[in-house]
Amino acid sequence: MRLQVGELRLLAAERGITEMETREDRLMLTRNNDYITLGGKFRRLTKQDAKGRLNEIKKLMLAL
């Protein structure tokens, strides 16, 4: 699991994302002191387990 978190940090850095945060089922990413939203809304995470959420976050970041 630590490896996956490290991989997410590298992906975030490559994409200029300075902060990653989850609140309940919302993924909040910050770049240039602004939140990254889709249609004015934060992306929702559908997976409930930690590994599933990490994989979901990775897919979302790869799409940026």
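Reader: Which helix is isoleucine 57 found in?
Author: Isoleucine 57 is in helix α2, residues 50-62; helices are DSSP runs of H or I with at least four residues, strands are runs of E with at least two, and both are numbered from the N terminus. Bear in mind that this is a predicted model, where local features need pLDDT of at least 70, side-chain atom pairs count only at pLDDT 80 or more, and totals for chains, interfaces and linings use all residues. Residues are numbered from 1 along each chain as its sequence is written, and side-chain values use heavy atoms, with hydrogens and water left out.
Reader: Okay, is isoleucine 57 buried or exposed?
Author: Isoleucine 57 is buried, because its relative accessible area is 8% (buried is under 20%, exposed over 50%, partly exposed in between, with a 1.4 Å probe and protein chains only).
Reader: What does isoleucine 57 touch?
Author: Leaving out residues up to four places away in sequence, isoleucine 57 touches Leu8, Thr22, Leu27 and Leu45. Contact here means heavy atoms within 4.5 Å.
Reader: And which residues make up the largest nonpolar core?
Author: There are twelve in all, among them Leu8, Ile17, Leu27, Leu45 and Ile57. A nonpolar core is a set of buried Ala, Val, Leu, Ile, Met, Phe, Trp, Tyr and Cys residues joined through side-chain atoms within 4.5 Å.
Reader: Which element gives the largest share of this core?
Author: That's α2, with four residues. The elements giving two or more are α1 (2-14), β2 (26-31) and α2.
Reader: Where's isoleucine 17, then?
Author: Isoleucine 17 sits in strand β1, residues 17-23. At 7% relative accessibility, isoleucine 17 counts as buried. Its contacts, not counting residues up to four places away in sequence, include Ala12, Leu29, Ile36 and Met61.
Reader: Switching topic: how many aromatic pairs does the structure hold?
Author: One. Tyrosine 35 and phenylalanine 42 pair edge-to-face, 5.1 Å centre to centre with 90° between the planes. Rings of Phe, Tyr and Trp (its six-membered ring) pair if their centres lie within 6.5 Å; planes under 30 degrees apart are stacked, over 60 edge-to-face, the rest tilted.
Reader: Are those two buried or partly exposed?
Author: Tyrosine 35 is partly exposed at 46% relative accessible area, and phenylalanine 42 is partly exposed too, at 24%.
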